[in-house]
Amino acid sequence: MTLPDPDLLKQLPAPHPDRAPLPPAAGPAPGVRLLRGVPYAVPEGSRPLELDLWLPEGPAPLVLYIHGGAWRRGRRDDMGMRTRDWDPGPFARLAAAGLAVACVDYRLSGEATFPAPLDDLRAALRWLALRSAELGIDTRRTVAWGESAGGHLAALLALTHAEPPLAGAVIWYGPSDLTSPRGGFTPDSAATPEAALLGAAPATRPELARAASPLAQVHAAAPPFFLAHGTQDTMVSCSHTEDLASALRAAGVPVRLRLVPGADHGWYGASDDTVSAVFAASLDFAQHV
């Protein structure tokens, strides 16, 4: 049997994300570069994980955006149903306001269980810091921003990532507690998105469920939080956000809490003006945290 040429073996794999050249940039608006589908990590046995980058003239503070979808679906470039028809879109608006945005892939629950998605977000932060000079971003001023399941992961990241600590977190209607019955969720069921995330009914893995619950990870050194939730949310009980706000305040962490009367999950039922106002307040927080 003939052995493969060693030089051939070296050249077969795609370049490692740490060294791969950046893709060509588009210019969706004056002073903004857009790089789509940039690989940042290749977990063993998994697909390459990618991110989209919206880059104003730097060095710019960074928003790490984490999409929702019950941890089992979703797209990195989607900020929820109420922003899909915006023109310009939400990420273009953040970039126009001087914030760099990294919209990140993470492994979904059909691919890997917790803590895999959190590990992926840490890998994204590491890659962004490594390439920060050529990207023109200041990763020391990073705000995690997520909606729904992405809000849960953004909160966990802000509460547990220490080196370097995040500057803040924007959480829209995210679950904060995987250990207690809330709304239609019960930790005893193995048929919930939370169970798929953990790989088992949360009640059967209490330590893992606690590790995956932002409410259980609150501490006095946490960064400031902006929390927003609809009071009539039928998918993620508003109590998740109210209890997280109370715990953060009890620990001395700065919190802005915005409850939207009558709004269901994803701001369903809220007026266009209300959704725009929540976005504007979130943007203001991210700019000034």
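Modeller: The largest cavity holds about 30 Å³ of space. On a 1 Å grid over the protein atoms alone, a cavity is a set of points where a 1.4 Å probe fits but cannot get out, and a pocket is an open set with protein on both sides within 12 Å along at least five of seven lines; lining residues have an atom within 4 Å of a point. Grid points are joined across faces, edges and corners, and a volume is the space filled by probe spheres set on the points.

Modeller: This is a predicted model, in which local features need pLDDT of at least 70 and side-chain atom pairs count only at pLDDT 80 or more, while totals for chains, interfaces and linings use all residues. Residues are numbered from 1 along each chain as its sequence is written, and side-chain values use heavy atoms, with hydrogens and water left out.

Colleague: Which helix gives the largest share of the lining of the largest cavity?

Modeller: The lining consists of A155, I171, G174, P175, S176, L227, H240, T241 and L244. Helices (H or I, at least four residues) and strands (E, at least two) are DSSP runs, numbered from the N terminus. The largest share, 3 residues, comes from residues 239–250, that is, helix 8.

Colleague: Which residues close to its centre line the largest pocket, and how many of its lining residues are charged?

Modeller: About 690 Å³ of space lies in the largest pocket. Of its 34 lining residues, the closest to its centre are A70, S148, M235, V236 and H265. With Asp, Glu, Lys and Arg counted as charged, Ala, Val, Leu, Ile, Met, Phe, Trp, Tyr, Cys and Pro as nonpolar, and the others, Gly among them, as polar, the lining divides into 14 polar, 10 nonpolar and, as charged residues, 10.

Colleague: Which helix gives the largest share of the lining of the second largest pocket?

Modeller: The second largest pocket holds about 230 Å³ of space. Of the 14 residues that line it, W54, D77, G89, P90 and F91 are the closest to its centre. The largest share of this lining, 3 residues, comes from helix 2.
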